[in-house]
Amino acid sequence: MHPIKDIYLIRHGETDYNRMGVVQGSGIDAHLNELGRQQAQAFFDHYEDLYIDKIYTSALIRTHQSVDGFIKKGIAWEQHTGLNEISWGNKEGKSPNTDDDLYYKNLTRTWREGNIHVPSEEGESPVQVLERQKPVVDLILSRPEEQAILIAMHGRAMRVLLTHLFEQPLHKMDDFAHSNLCLYHLQYSYPDRAFKLVKGPLTEHLKHLPDSM
């Protein structure tokens, strides 16, 4: 068994919803926009020669499109709904407005204050997101023969996952920054049963592109 697993964790590229400041959540299956496709291509061009045994994505197409170059190389790929974005419930897909902006601000503040069991209206709480992520993490760790993997997922879900992997309190999830097509490089030590951050979030592969969200 190889003692170390390299994990390359990315957020998907930009969609028009990102550009407009509209939350997508797990209920909006948006495609990448033109900039998002450029980001995905730039990421592939920069890391094309990276050794990867397996690709893991959410079940939403924006993550599939973000790693399309690697999939087309023939690298094994699995999608898991456990990696989907948080459900924002009845707030998904709505145009930005003052009331909703205040709702998001208050909800995320509630989470930062430690009330991580509070869900969005008709949606999920951070705790519920983490509970569906844990079986995917367990599955990934049960495969030590996969020495290097690429995971494509979503902003809020990524923050939830990183707190879990680094054994941080879930209410500290906003400590983990992200942007479209950013990369975190993590390593898992099987002997130590622990994750460590190698570097990230990295965006150097996007430096020649317009500003992204």
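**View 1. Nine aromatic pairs are found in a search of the whole structure.** Rings of Phe, Tyr and Trp (its six-membered ring) pair if their centres lie within 6.5 Å; planes under 30 degrees apart count as stacked, over 60 as edge-to-face and the rest as tilted. The model is predicted, local features need pLDDT of at least 70, side-chain atom pairs count only at pLDDT 80 or more, and totals for chains, interfaces and linings use all residues. Residues are numbered from 1 along each chain as its sequence is written, and side-chain values use heavy atoms, with hydrogens and water left out.

**View 2. Tryptophan 88 and tyrosine 104 form an edge-to-face pair, because their planes stand at 80° with the ring centres 5.6 Å apart.** The pair links distant parts of the chain, 16 residues apart: tryptophan 88 lies in the loop between strand E3 (76-79) and H5, and tyrosine 104 in helix H5. Helices (H or I, at least four residues) and strands (E, at least two) are DSSP runs, numbered from the N terminus. Tryptophan 88 is buried at 7% relative accessibility, and tyrosine 104 is buried at 15%; buried means under 20% relative accessible area, exposed over 50%, partly exposed in between (1.4 Å probe, protein chains only).

**View 3. Tyrosine 188 and phenylalanine 195 form a tilted pair, since their planes meet at 50° and their ring centres are 4.6 Å apart.** Tyrosine 188 counts as buried, at 9% relative accessibility, as does phenylalanine 195, at 16%.

**View 4. Phe43, Phe44, Tyr47 and Phe70 are linked into a cluster by ring pairs.**
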